[in-house]
Amino acid sequence: MFAIKAGWRSEVATIASVARDTPLPTTRFTNKLLGIRNKTLFKAPKDRKILTQWVKAIPRSDRNLRSGIDCVCEKHFAETSLIKYFETKMADGSIQKIERGRILLKENSVPSLFPDLPHYLSSKTKKKKTSSLTFKY
């Protein structure tokens, strides 16, 4: 099912042996083998006030966000809204940063970046065109 290249670590071989029990490899598993970090998904907030801010910020015309059901990818949040590292203040005053396995979202963060937005998700209701032609007799 999977070909393991020579020189790969034994952990990858262990992961690959577990994958043989599953009928098809998942994208997350394939990314783990290739060393690609998966994007973190954040569920829509349960707090109604913040949920309304999310609904206003996300340009969807087909439906609204559902609390606790729908998810938003990390790429739609500003870097300042994400917690990517564990930070520890050392005795000498320096700050030690260790990368988190899973990125966290800061409290009350609202998605604001939509670089790859498909046209059908952002289309608004069409306005009726008014004629601007004037006829002279």
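**Close-up 1. Glutamate 79, which counts as exposed at 56% relative accessibility, is shown with its salt-bridge partner, lysine 84.** In this predicted model, the side chains of lysine 84 and glutamate 79 meet with a distance of 3.1 Å from N to O. Lysine 84, for its part, has 25% relative accessibility and therefore counts as partly exposed, since that label covers values between 20% and 50%.

**Close-up 2. A salt bridge joins glutamate 87 and lysine 97.** The closest N and O atoms of this pair are 4.0 Å apart. Glutamate 87 belongs to strand β3, which spans residues 82-89, while lysine 97 belongs to strand β4, which spans residues 95-105, so the contact ties together parts that are 10 residues apart in sequence. Both glutamate 87 and lysine 97 are exposed.

**Close-up 3. Arginine 63 and aspartate 70 form a salt bridge through their side chains.** The distance given for this pair, from N to O, is 2.8 Å. Arginine 63 is partly exposed, with a relative accessibility of 33%, whereas aspartate 70 is buried, because its relative accessibility is 9% and buried means under 20%.

Close-up 4. For the structure as a whole, a search finds 4 salt bridges.

Note on methods. Residues are numbered from 1 along each chain as its sequence is written. This is a predicted model: local features need pLDDT of at least 70, side-chain atom pairs count only at pLDDT 80 or more; totals for chains, interfaces and linings use all residues. Side-chain values use heavy atoms; hydrogens and water are left out. Buried means under 20% relative accessible area, exposed over 50%, partly exposed in between (1.4 Å probe, protein chains only). Helices (H or I, at least four residues) and strands (E, at least two) are DSSP runs, numbered from the N terminus.
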